[in-house]
Amino acid sequence: MKISGFTIIRNAVINDYPIVEAITSILPVVDEMLVSVGYSDDDTLELIRNIGSDKIRIVESEWDMSLREGGKVLAVETDKALRQISPDTDWAFYIQGDEVVHEKYHGAIRESCNRYADDLRVEGLLFDYLHFYGTYDYVGDSRKWYRREIRIIRNENKLNHPEISAFRDAQGFRKGHTKLNVKHSGAAVYHYGWVKSPAQMKTKMKNVSRFWNEDKEWEKILQSEDFFNYEEFDSLKLFDGTHPAVMQKRIAKQTWKVNLDTSKKKFRLKDALLYWFEKKTGRRLFEFRNYKFI
């Protein structure tokens, strides 16, 4: 059984993406790692080259920034990267530039890939998500944060009928409009996209908003204030676990402080009731699921 990791990245330095941590967090699991580097305005390419693993294979790509509707360019680039993994791969492990996998899950991931390698009904493996917010101490726990998503997919190129592709802005995967049949991987993804200083967070938001907005709307966003207001949350909880080992150096370099009151809940009545029900039962009513459990 062979697992190939793949990811896309562009302007990682300017936007302070933990892409090195993302890649290195799954290197022990994968047999190769395909990194598609978009032509950047910074030293992203050199950053990836300096990781220095012989598992990593770098390709360069020109992003079509005219593909803005719904973040389509992200899906297009993800599909381009997926098509360049080795043809003898069984599973393709997708990781985004702000996602990291804890080393405690490596064994479970390999075990799940082995278990379902010959079960062709299983088209993907699902991961739980922890969405960190503001600092490394807070996790979003409301319905606005997706709970699970597909991050490992079967390499259908090996089966000579490649149909799986990135869905919308590459949050997940589908076959056309059909949801994939999945099993749970037994693992979680730690999402750090909302952990930056207030100034760096706003810089990133201004830069990446061009993936979803036309020029006039993007210009308005560029003229907005220079600091992100982390007080604009509906519900958070304190994180009481451990972070992945590959994140420790980055965490130690944190220079900003954001003190948020997790006792505050900012819901409309309907959302408050749904939140209360979920915390009591563990069930999320009316949840959007981009997959089908089998």
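Two strands are said to pair if DSSP finds at least two bridges between them; strands (E, at least two residues) and helices (H or I, at least four) are DSSP runs numbered from the N terminus. This is a predicted model, in which local features need pLDDT of at least 70 and side-chain atom pairs count only at pLDDT 80 or more, while totals for chains, interfaces and linings use all residues. Residues are numbered from 1 along each chain as its sequence is written, and side-chain values use heavy atoms, with hydrogens and water left out.

**Strand β2 and its partners**

In β2, M33 is the bridge partner of G5. The chain passes from β1 through helix α1 (residues 19–26) to β2 in a right-handed β-α-β crossover; right-handed means that, with the strands pointing away from the viewer, the path from the first strand over the helix to the second runs clockwise. A right-handed β-α-β unit is also made by β2, helix α2 (residues 44–49) and β3. On the β3 side, S36 stands opposite V59.

| Strand paired with β2 | Sense | Bridges |
|---|---|---|
| β1 (residues 3–9) | parallel | six bridges |
| β3 (residues 56–61) | parallel | six bridges |

Seven of the seven residues of β2 (residues 32–38) are buried, that is, under 20% relative accessible area with a 1.4 Å probe, protein chains only. E32, L34, S36 and G38 point one way from the strand, and M33, V35 and V37 the other way.

**Residue F233**

F233 lies in the loop between α6 (215–222) and β13 (236–238) and is buried, with a relative accessible area of 6%. Beyond its neighbours within four places in sequence, F233 is in contact (heavy atoms within 4.5 Å) with Y133, L260, D261, K264 and K266.

Terms used: Buried means under 20% relative accessible area, exposed over 50%, partly exposed in between (1.4 Å probe, protein chains only).
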